[in-house]
Amino acid sequence: MRIRVAATVLSGAVALSALAVPVAAQAASNPSAKARLSSFSANTASAAHAAHTANSAQTVRPKTGIGSIAFSKGVVNGGKDIVLGTTTKKSVTATYTATSSSGVAVTEAFLWQGTDPSSTDTITGALGTDDDPVCTESTTQTGVYSCKAVFNIDAAADMPGNGAAGTWKLAIGGYDLSANASFDDNIGTGKIKKASKLTVDATPEPVKKGKTITVTGKLTRADWNTGKYSGYASQKVQLQYRKKSSTTYTTLKTITAGTGGALKTTVKATADGYYRYSFATNATTGASTATGDYVDVK
């Protein structure tokens, strides 16, 4: 794990010596993102709880640790969905702001699912970064840092058995230049979704005007555990059409995918053109559109 600091806070290098041992130990053991997240959260919560209970009878675990850093404005992948197939490799950027009058020495970023990041038993999914996020202090606002973390996600290696498609939270931890830890388990969210695919086949070709065209196809989506695409049933799919002379598709009807994601419907032949199926995104699955199948109408 590399430590990056803005040039304006290099004078705090002596304070970083207090971080050297735990940071080096983490790098040497190369723990999983799940273990790193729970360790950072638990250690920060423990220190914060000790400081909190020294001045209060309350025992509720604070969301943020005893350090001076406040994290805010978390944005994952520019606010866009992260859509993964079975073998997708994608670099996803998360940005956030770290604010501290005591400076920012180092931060760590995690995408995670679950109820409590301080225990591996309650973390259902976790993704970490290969390198520490880069934080740069503002030239006009002392103590305000713009940070960027990069998650290199390999669907085949990272997703099987590691969380589910849907909403993931962005957690950030960090140390100020006095070696005090801060942590926030949810400064933003991102959607990680399974990729979908559609096929289409319109027959007969050619066809007489006014006769029936049968349009079949199949809707499938990525299964991260098997590494294959499987049928996605009970989903609404639109049948769309465009004339040969047009560049715009219009929706003719909406049908529901059957067993194994099977699609089948009929329309009347009117003019030469292209037929396709289109599936809109939902909470767990990315959108997809089949390549149009041309039908010659006589």
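Me: How many aromatic pairs does the structure hold?
Reply: The structure holds six aromatic pairs. Rings of Phe, Tyr and Trp (its six-membered ring) pair if their centres lie within 6.5 Å; planes under 30 degrees apart count as stacked, over 60 as edge-to-face and the rest as tilted. This is a predicted model: local features need pLDDT of at least 70, side-chain atom pairs count only at pLDDT 80 or more, and totals for chains, interfaces and linings use all residues. Residues are numbered from 1 along each chain as its sequence is written, and side-chain values use heavy atoms, with hydrogens and water left out.

Me: Why are Phe-71 and Tyr-96 called buried?
Reply: Buried means under 20% relative accessible area, exposed over 50%, and partly exposed in between (1.4 Å probe, protein chains only). Phe-71 has 8%, so it counts as buried. Tyr-96 has 2%, so it is buried too.

Me: Why is the pair of Tyr-241 and Tyr-275 called tilted?
Reply: The ring centres are 4.8 Å apart and the planes stand at 40°, so the pair is tilted. Tyr-241 is in strand β14 (residues 236-243) and Tyr-275 in strand β17 (residues 273-279), 34 residues apart. Tyr-241 is buried at 8% relative accessible area, and Tyr-275 is buried at 1%.

Me: Which residues form one aromatic cluster?
Reply: Phe-40, Tyr-175 and Phe-183 do.

Me: How do you know that Cys-135 and Cys-147 form a disulfide?
Reply: A disulfide is a pair of cysteine sulfur atoms within 2.5 Å. The S to S distance of Cys-135 and Cys-147 is 2.1 Å, and a disulfide joins them. By this rule the count comes to one disulfide. Cys-135 sits in strand β6 (residues 134-137) and Cys-147 in strand β7 (residues 144-154), 12 residues apart. The torsion about the S-S bond is about 115°, so the disulfide is right-handed. Cys-135 is buried at 8% relative accessible area, and Cys-147 is buried at 3%.

Me: How do you know that the charged end of Lys-194 sits over the ring of Trp-224?
Reply: A charge sits over a ring if NZ of Lys or CZ of Arg is within 6 Å of the ring centre and within 35 degrees of the ring normal. The charged end of Lys-194 is 5.5 Å from the centre of the Trp-224 ring and sits over it. Likewise, the charged end of Arg-221 sits over the ring of Tyr-232, 4.1 Å from its centre.

Me: What joins the side chains of Ser-288 and Ser-196?
Reply: A polar contact of 2.8 Å joins them. A polar contact is a pair of N or O atoms within 3.5 Å; within protein, one must be able to donate a hydrogen and the other to accept it, and residues adjacent in sequence count only if both atoms are side-chain atoms. Ser-288 is found in strand β18 (residues 288-289). Ser-288 is buried, with a relative accessible area of 8%.

Methods. Helix = DSSP H or I, 4+ residues; strand = E, 2+ residues; numbered from the N terminus.
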